[in-house]
Amino acid sequence: MGKALDGVRILDFTHVQSGPTCTQLLAWFGADVIKVERAGAGDITREQLRDVPDADSLYFTMLNGNKRSITLDTKNPEGKRVLETLIQHCDVLVENFAPGALDRMGFTWERIQELNPRMIVASVKGFGPGPYEDCKVYENVAQCAGGAASTTGFDDGPPVVTGAQIGDSGTGLHLALGIVTALYQRVQTGRGQKVLAAMQDGVLNLCRVKLRDQQRLERTNVLKEYPQYPNGTFGEAVPRAGNASGGGQPGWILKCKGWETDPNAYIYFITQAPVWDRICNLIGREEWISDPDYATPNARLPRLKEIFAEIEHWTMQRTKFEAMELLNKYDIPCGPILSMKEIAEDQSLRATGTIVEVDHPVRGKYLTVGNPIKLSDSPTDVKRSPLLGEHTDEVMAELGYSSEQISALRAAGAI
Ligand code: CAO
């Protein structure tokens, strides 16, 4: 069966996490992704956080599957000519260099358009145009500047960054959508265009509910579903809301059986209004169904702490999985706090290809994530990441270089 992006060629100038997330996604959908790296070194993550001596790290291997790798020194004059050929050969150039690096290499938007007017140039940058546009940015900088850190954590603690890589992988996802959209528009216009996904913008897009709450706070001076209500105080900015749900249905993380020794023996419990009577029946507080202090969502808002404490008496008698099973029987929304160990061992995630084991010639078998987006006509076959320069000769031959020319370029340090 063909793949959705068969025939799309990506010149992948990405490194570290944000850009590689994007190009790996395009590769999973069938694009031919040619990763360009410096000879001898390659993407810095190949050697970062290594767990197997001399083998590409999991950091690298989990972000670069299904790609081909070529080495190219784009500052070498001969290398620059190879890059020009690659630009003419490909549909999309994806990069996440520090601001200005592509221009400094001599490949401005104007120059790229001269070489290939159909080329889409897609970039991740830390910030969009403005005071910080020249800054280098990593994940947590974006989480801090995009509103995630100031709104994550508990009220009495400092700002907290989340484990989910919303700045890097999140922005990579945004960029991939921008690229596919630009490819779609190119069908009509015949022209390429620039695609920019700024990490601050991507994080803010994912934090939009907090911008919603900022405006609600300014209008009403209170956020009744936040744990600060009714006894705490609100300032000018949206406070950290602990484990409050962020939506219209109150939720909290509650202890389950074994919490004293297992740091993940917890469940997320949502007191969804349509199933309030079932919650009351289940925890043995049938009187709350008709008591005017508890019967309606608004009446419950000032009592959420007490309500969750009561529900916790019930969850603490059960493991998170027992609680999950019982609650689901009554359609009460909840979720077990799963450790990475539990997720890694979850057979249903293996069955759907969300977690995949692949074999690597140097490091052996490793687990990686599969494509989280499933297309019925374009199934993903997850393949291992390439070794540094594994496909240089193959790609150069496709570009029309003879083996003598390839040897000469190698001798000149261009590839
Ligand atoms: N041949 C020759 N030179 C190459 C090359 C190649 N194949 N590939 C890269 N280079 C050069 C670049 O041209 C650049 O040179 P100049 O500084 O002379 O212009 C140099 O390598 C370093 O690139 P860089 O500045 O992007 O890399 P860095 O390690 O200093 O910074 C990072 C890394 C991530 C902070 C920066 O790239 C950045 O801010 N990127 C945009 C935001 C982003 O994606 N951040 C998320 C990263 S994931 O956490």
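A charge is said to sit over a ring when NZ of Lys or CZ of Arg is within 6 Å of the ring centre and within 35 degrees of the ring normal. With that in mind, look at K255, whose charged end sits over the ring of W259 at 4.0 Å from its centre. R303 does likewise with Y294, its charged end lying 5.8 Å from the ring centre.

Before going on, note that this is a predicted model, where local features need pLDDT of at least 70, side-chain atom pairs count only at pLDDT 80 or more, and totals for chains, interfaces and linings use all residues. Residues are numbered from 1 along each chain as its sequence is written, and side-chain values use heavy atoms, with hydrogens and water left out.

Y294 also belongs to an aromatic cluster with W276 and W288. Rings of Phe, Tyr and Trp (its six-membered ring) pair if their centres lie within 6.5 Å, with planes under 30 degrees apart counted as stacked, over 60 as edge-to-face and the rest as tilted.

Now turn to the ligand. Polar contacts here are pairs of N or O atoms within 3.5 Å. A polar side-chain atom of K136 lies 2.5 Å from a ligand oxygen atom, and one of R38 lies 3.0 Å from an oxygen atom of the ligand. F97 takes part through a polar backbone atom, 3.4 Å from a ligand nitrogen atom.

Terms used
A polar contact is a pair of N or O atoms within 3.5 Å; within protein, one must be able to donate a hydrogen and the other to accept it, and residues adjacent in sequence count only if both atoms are side-chain atoms.
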